[in-house]
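Please read the following alongside the sequence and the coordinates.

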Amino acid sequence: MHRPSLLLLAIGGVALLWVLGWFIRLERRNERHTIFLVFVSVYLAEAILASHSAGVAVGLLRPQIAGQDFRLPDVVIALVVAARFLGPSKGGRIPSGVLPLCAFGAWYATAVVIGLLNQLPTSEVLFQGKAIFYVLGAVVAAAGADTRRLADQLAAPAVVLAAVVALATVLGFVDRSLALSTPVQRFDHLGVLSNDTASALVVIGGLVLLVEAVRPRRRLVVGVAGIGLLLAPLAGDHRASYLVLAVVLGGVVLAVLGRTWTRRSTIGGAALMLSMSGVLVFGMAAAALTPLADVVVARFDTAFEGDATVRSAESRVELARRAVDRIAEHPIIGWGAGMQVIRTGEYVDDDFASAHNLMLDLAMRSGMIGLLLFLVALVSTERIGVQRWRRDEDNRTAAVCLAATLGVAAVVTKAMVEPALDKYRLSMLVGLCVGLILFADRRPAASTSPERAARPPLIRPLTPLSVDAGAGAP
């Protein structure tokens, strides 16, 4: 190893220790919201700067330790979890929705052991097993979020992210990208948004719109930025990101038609729909009147029509059939993490792949037991999210929970046609949304510092092992 590499490794180690110490201090002061913001910032920065993760060069965004590749959010998750355990325990309520999630996580962890016992490829077992680390780690990070503060802090990030979407869309239309090389990382495709990054930005766009809709004083610029984030799929040509957009928009429409909307927002449903439609139509009309009109049309054709689309659909049907055959051989506990099916076809070389369907992949890896535990956790979380939208006393918290509920539904829907379980950005996105839903009613406790000692506690102190059976109905 060269001296510069050793020096960078030493600097990185010192930096990690400093960040861990900082997180522990924040834990002791009950300032977990800051930790949450750091994690989300790193998550978004990595997703934007290294959008196509497979082609990222080894460096700051893709550290390599002992021959193993990691991602920067992986490291931050490890620090967040370590700080949570090393920090002083404050006790408190355990929301009931956490129990089904932990049950599924424990069972999926056993699938890793089963995969190793079945002598499946170790690298693939560990790769698939990291999904639960991403989901639960992101839940831990989101558990410290203050949903009211989060709602009040969305303006600047929304505008910046909307500008990123606009730049990526323009660069995509002209088929260009930016390149930059630094001592710690080489960036080969700046300005390009991947399918998963676009999906995450769509979910954030839904969050921005819902929060702005319930604010007493709304901001036009932030609302337009939220709609701009919904246009993130235009930066690419992937069908699955449009599926996420459809689920988020459909959920917003259902919320607008409900009685809760009238109570929480002064914006009429018709006015909101007209404003969203107006911006979308204006954007499409502007694109159609420019020399890039043919490019815009070609992107839609690539995403929804053509021979490649047909071949992709046919391959997924074949993958599903082979997965069902595998499930039938071990239906109860599955084959374990690391299990794949053989992909064959006229246009691809024979190789191994996932079933490209969340339910089939879970059943194949963790059996019907794992699939059932996942469905229980999913239904429980979504139910709690809807109840918080209907019953939470604070409009901002209610809007955040509704957006997170739509985010989970959108990613799960996308996972029915993609191997989302094996994509760390989507797994973390689900974990963040689930954490916001389950822990939205847990306000940060008052700090013990002198300047905050006079503030009343925001959480009624309970024993650490007590369970809040009614957390789903605030």
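In this predicted model, helices H8 and H17 are roughly parallel to each other, because their axes cross at roughly 20° and an angle under 35 degrees counts as roughly parallel. H8 covers residues 195–214 and H17 covers residues 424–438, and their axes come within 9 Å. The crossing of this pair is left-handed. On the H8 side, the contact is made by Asp-196, Thr-197, Ser-199, Ala-200 and Val-203. H17 contributes Arg-425, Leu-426, Leu-429 and Cys-433. Sorted by class, the residues of this contact are five nonpolar, two polar and two charged.

Helix H8 also packs against H16, a helix made of residues 395–414. Two packed helices are described by the angle between their axes and the distance between the axes. For H8 and H16 the angle is about 155° and the axes are 9 Å apart. Angles over 145 degrees count as roughly antiparallel, and H8 and H16 are therefore roughly antiparallel to each other. Their crossing is right-handed. From H8, the residues in the contact are Asn-195, Asp-196, Ser-199, Val-203, Gly-206, Leu-207, Leu-210, Val-211 and Val-214. From H16 they are Asn-395, Arg-396, Ala-399, Val-400, Leu-402, Ala-403, Leu-406, Gly-407 and Lys-414. This contact has ten nonpolar, five polar and three charged residues. Asp-196, Ser-199 and Val-203 of H8 take part in the contact with H17 and also in the contact with H16.

Now to the strands. Strand S4 (residues 178–181) and strand S5 (residues 186–190) run antiparallel and are joined by three bridges. A hairpin of four residues leads from S4 to S5. Ser-181 has Arg-186 of S5 standing opposite.

Leu-178 belongs to strand S4. Is this residue buried, partly exposed or exposed? Leu-178 counts as partly exposed, because its relative accessibility is 43%, and the partly exposed class lies between the 20% limit for buried and the 50% limit for exposed. Ten residues separate Leu-178 from Asp-188 along the chain, while their C-alpha atoms are 6.8 Å apart. Neighbours within four places in sequence aside, Leu-178 is in contact with Leu-171, Phe-187, Asp-188, His-189 and Leu-190.

The elements described so far belong to a chain whose secondary structure comes to 17 helices and eight strands. The chain has 474 residues, and 50% of them count as buried. Among contacts with a separation of 6 or more, 76% are between residues 24 or more positions apart.

Most residues other than glycine have a negative phi. Asn-30 is not a glycine, yet its phi is positive, near 55°. Asn-30 sits in the loop between helix H1 (3–28) and helix H2 (32–49). Asn-30 counts as buried because its relative accessible area is 11%, and buried means under 20%.

Gln-119 likewise has a positive phi, about 60°, without being a glycine. The loop that holds Gln-119 lies between helix H4 (98–117) and helix H5 (122–142). Is Gln-119 buried or exposed? Gln-119 counts as exposed, because its relative accessibility is 72% and the exposed class begins over 50%.

Notes:
Residues are numbered from 1 along each chain as its sequence is written. This is a predicted model: local features need pLDDT of at least 70, side-chain atom pairs count only at pLDDT 80 or more; totals for chains, interfaces and linings use all residues. Side-chain values use heavy atoms; hydrogens and water are left out. Axes are lines fitted to C-alpha atoms, for helices over the stretch in contact, and angles run from 0 to 180 degrees between N-to-C directions. Helices (H or I, at least four residues) and strands (E, at least two) are DSSP runs, numbered from the N terminus. Angles under 35 degrees count as roughly parallel, over 145 as roughly antiparallel, 65 to 115 as roughly perpendicular and the rest as oblique. A crossing is left-handed if the near helix is turned anticlockwise from the far one by less than a right angle, and right-handed if clockwise. Contact means heavy atoms within 4.5 Å. Ala, Val, Leu, Ile, Met, Phe, Trp, Tyr, Cys and Pro count as nonpolar, Asp, Glu, Lys and Arg as charged, and the others, Gly among them, as polar. Two strands pair if DSSP finds at least two bridges between them. Buried means under 20% relative accessible area, exposed over 50%, partly exposed in between (1.4 Å probe, protein chains only).
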